[in-house]
Amino acid sequence: MTRTPSDGAAATAETVAAIVAAAAAAGPHCGRTTVIAIDGPAGSGKTSLAAAVAPVLGARTIHMDDLYEGWSGLAAAGDRLTEEILAPIWLGRPGQYRRYDWHEQAFAESHEVPISDHLVVEGVGCVRASSRRFLSVIVWVEADDDVRLARGLARDGVAAEPHWRSWMSAERDLFARVGTRDLADVHVDAWGRLRP
């Protein structure tokens, strides 16, 4: 799975404004950092939404795709997010993680995550029991399965279809356990529009 900001339409100004307002109202929960988590199934438009929100807040974006250890890494990535990035920032120290290179199928360079006023985290499963207390705003983005699969195969190639179908099953199980949609403060559709 290779991350690109083309997995959904650009967010509307109304959507970005709603997320920024929610972040301001919630304030920081991770030390002095306000963390906005953009979760939802693969191919729903999370990366595009993060690309629209982060510059408005002057925020760095953490992509969960960099934390998954390949197609089988969904389960463990939540702990990596909490232990390597969020918990250290909460303690007043920079976070640090090694990016996973999907093409090389190995961990690559290390990245430091400095303490800042805002941090955007986007990707499937960024909301977990272990990460929730650090998150100021949870955004849920969703799309129909056929739209998501079409976007994913356009991005990753048709040979990735078995991986995508397995991933879609694993993420459904994860979202059911966590109850992510119900926890969300803001709901967004596949085209970057606010949902009720």
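How many strands make up the open sheet, and in what order do they stand? The open sheet has six strands in the order β2-β5-β1-β6-β7-β8, and the pairing within it is mixed. Strands of a sheet pair through backbone hydrogen bonds, either parallel or antiparallel. Helices (H or I, at least four residues) and strands (E, at least two) are taken here as DSSP runs, numbered from the N terminus, and two strands are said to pair if DSSP finds at least two bridges between them. The model is a predicted one, in which local features need pLDDT of at least 70 and side-chain atom pairs count only at pLDDT 80 or more, whereas totals for chains, interfaces and linings use all residues. Residues are numbered from 1 along each chain as its sequence is written, and side-chain values use heavy atoms, with hydrogens and water left out.

At the edges of the open sheet of six strands stand β2 (60–63) and β8 (194–195), each with a single partner strand, so one side of each is left without a neighbour in the sheet. Strands β1 and β5 run parallel and are joined by five bridges, and T34 stands opposite H118 in β5. Helix α2 (residues 46–57) lies across β1, β2, β5, β6 and β7 (186–188), running at about 175° to β5; such angles run from 0 to 180 degrees between N-to-C directions, with axes being lines fitted to C-alpha atoms, for helices over the stretch in contact. Another pairing is that of β3 (residues 95–101) with β4 (residues 106–113), which is antiparallel and extends over six bridges. D101 has A106 in β4 as its bridge partner, and in the hairpin of β3 and β4, where four residues lie between the strands, Q105 takes a positive phi near 55°.

Charged side chains were examined next. A salt bridge is defined as a side-chain nitrogen of Lys or Arg within 4 Å of a carboxyl oxygen of Asp or Glu, and a search of the whole structure finds twelve of them. In one of these, the side chains of D117 and R32 meet at 2.6 Å, N to O. D117 lies in the loop between β4 and β5 and R32 in the loop between α1 (13–26) and β1, so the pair ties together parts that are 85 residues apart in sequence. With buried meaning under 20% relative accessible area, exposed over 50% and partly exposed in between (1.4 Å probe, protein chains only), D117 is partly exposed at 46%, and R32 is partly exposed at 49%. A salt bridge also forms between E109 and R99, whose closest N and O atoms are 2.6 Å apart; because E109 lies in strand β4 and R99 in strand β3, the pair ties together parts that are ten residues apart in sequence.

The side chains of R148 and E171 meet in a salt bridge of 2.7 Å, N to O. This pair links distant parts of the chain, with R148 in helix α4 (residues 145–156) and E171 in helix α5 (residues 161–178), 23 residues apart. R148 counts as buried at 1% relative accessibility, and E171 likewise counts as buried at 1%. D145, R148, E171 and R172 are linked in a network of salt bridges.

D39, in strand β1 (residues 34–39), is buried yet has no salt bridge, and the nearest side chain of opposite charge, R128, is 6.2 Å away. A polar atom of the D39 side chain lies 2.9 Å from the backbone nitrogen of G125. R128, found in the loop between β5 and β6, is also buried and without a salt bridge, the nearest side chain of opposite charge being that of D79, 6.0 Å away. The side chain of R128 reaches the backbone oxygen of L74 at 2.6 Å.

S136 is found in the loop between β5 (118–122) and β6 (137–141) and is buried, with a relative accessible area of 8%. The C-alpha atoms of S136 and H29 are separated by 5.6 Å, although these residues are 107 residues apart along the chain. Not counting residues up to four places away in sequence, S136 touches several residues, including P28, H29, T34 and D185, a contact being heavy atoms within 4.5 Å. The side chain of S136 reaches the backbone oxygen of G27 at 2.5 Å.

Methods: A polar contact is a pair of N or O atoms within 3.5 Å; within protein, one must be able to donate a hydrogen and the other to accept it, and residues adjacent in sequence count only if both atoms are side-chain atoms. Lys and Arg count as positive and Asp and Glu as negative; His and the chain ends are not counted.
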